[in-house]
Amino acid sequence: LLHKFWGLLVFVGMMYVVFQSVYTWAGPIMDLIEGVVGWIQGIASDALVETPMLQSLVADGIIGGVGAFLVFLPQILVLFFFISLLEASGYMARAAFLMDKLFQWCGLNGKSFVPLLTSFACAIPGIMATRTINDTKSRLITIMVAPLMSCSARLPVYLLLIGAFIEPRYGPNVAGAALFAMHFIGALVAAPFAWLLNKTVNKGRKPTPFVMELPHYRIPQVKLTLYRMYESGKEFVVRAGTVIFAMTIIIWALLYFPRSESVEEQVRSEFGLSSEAQILTGDANTSSARIIHENLEETIQAAADAAYLEQSYMGRFGKFVQPIFAPAGYDWKITVGVLASFPAREIIISTLG
């Protein structure tokens, strides 16, 4: 397992099994959590229909904010389950030894491996895991490149882009390969970025030699493994979840206020009487007329929501800073989506919608 070639081959196979298990095992539980959150949002939305502001605060802000981080808890638990197994068995120290030579050129060492691996589930516990790195310079560089790893929150964004641009043109096989490759874009960017930081951060400071005791191989204890999962999950919910929840409420407020009723009135007037005339010319009781009326109401409501978003504080700020994002080809709408996704990356999908 420490062989220059076979050791790396075993390591790659081991990591493939870990990542495949993270997605396979956690997927159904994540879907269940999303379904429960959506169900609770529906109940809260129906109960508070008379007070639109409170309805949006509870359904989109509070319940949506809690769901934004709870949905990724299963992946974090599964990942820490495997990390705990690998550490308790003694293999993780061997993996760090193998990675040390690959990391040295960019200023990192073998102890950076576990935090960067953890960051593929979520960057927050990955950054927390850097406290095991003794060298200050390596720890700081690891913290700064950890968010570049493709965490699970980016998966919905990848799926949206691939479904829109790649799969319709190239088919499902290329789409699957693209999804696999996109997870390594962050790692490819992180390596030269870490090298650049190594040349600029604490310049002149010599890195501490990498020293790690290789423990004996042992059979992991299930009790300790489950306890490690519990502690890691608890730390994520308490320390990271509270920050994400608070940021979600702030983002909700910036996207909701100000909310003048004149905005919706203007939208309704802009739709004109032509669509309403189509309904009034026929029998109002016919099924076709009801369908037209329902579709019209949905279209008007969607246009009103978009107008409210444009008039919100976040919308105005997005228009203000849009010239900064213009070289990337972003209009003000995409800019608002980027700004709104700071507490959770996947929020950009709902914001663009």
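A salt bridge is a side-chain nitrogen of Lys or Arg within 4 Å of a carboxyl oxygen of Asp or Glu. The views below show a predicted model.

**View 1. Arg-94, a buried charge with no salt bridge.** Arg-94 is found in helix 4, which covers residues 91-103. The residue is buried. Its nearest side chain of opposite charge is Glu-213, 9.2 Å away. A salt bridge needs a nitrogen and a carboxyl oxygen within 4 Å. Arg-94 has none. Which residues does Arg-94 contact, leaving aside neighbours within four places in sequence? They are Leu-2, Leu-214, Pro-215 and Tyr-217.

**View 2. The largest nonpolar core, with Phe-11 and Phe-113.** This core holds 45 residues. Phe-11 and Phe-113 touch the most other members. Two or more residues come from each of helix 1 (6-47), helix 3 (73-89), helix 4, helix 5 (113-118), helix 7, helix 10 and helix 11 (222-256). Helix 3 gives the largest share, 8 residues. Not counting residues up to four places away in sequence, Phe-11 touches Tyr-91, Ala-95, Leu-98, Met-99 and Phe-113. Another core, of 9 residues, lies apart from the largest one. Among its members are Ile-251, Val-321, Leu-339 and Ala-344. In soluble globular proteins, nonpolar side chains tend to be buried together.

View 3. Helix 7 (136-145) and helix 10 (185-200) each supply at least two of the residues. Which helix gives the largest share of the nonpolar patch? Helix 10 does, with 3 residues.

View 4. Met-144 sits in helix 7.

**View 5. Ser-119, a buried loop residue.** Ser-119 lies in the loop between helix 5 and helix 6 (123-128). Its relative accessible area is 0%, so Ser-119 is buried. Leaving aside neighbours within four places in sequence, Ser-119 is in contact with Gly-126, Ala-146, Met-149 and Cys-151.

Definitions and conventions. Residues numbered from 1 in each chain as written. Predicted model: local features only at pLDDT ≥ 70, side-chain atom pairs only at ≥ 80, totals over all residues. Heavy atoms only, no water. Helix = DSSP H or I, 4+ residues; strand = E, 2+ residues; numbered from the N terminus. Buried < 20%, exposed > 50% of the residue type's maximum accessible area, 1.4 Å probe, protein only. Lys, Arg positive; Asp, Glu negative; His and termini not counted. Contact = heavy atoms within 4.5 Å. Core = buried A, V, L, I, M, F, W, Y, C linked by side-chain atoms within 4.5 Å.
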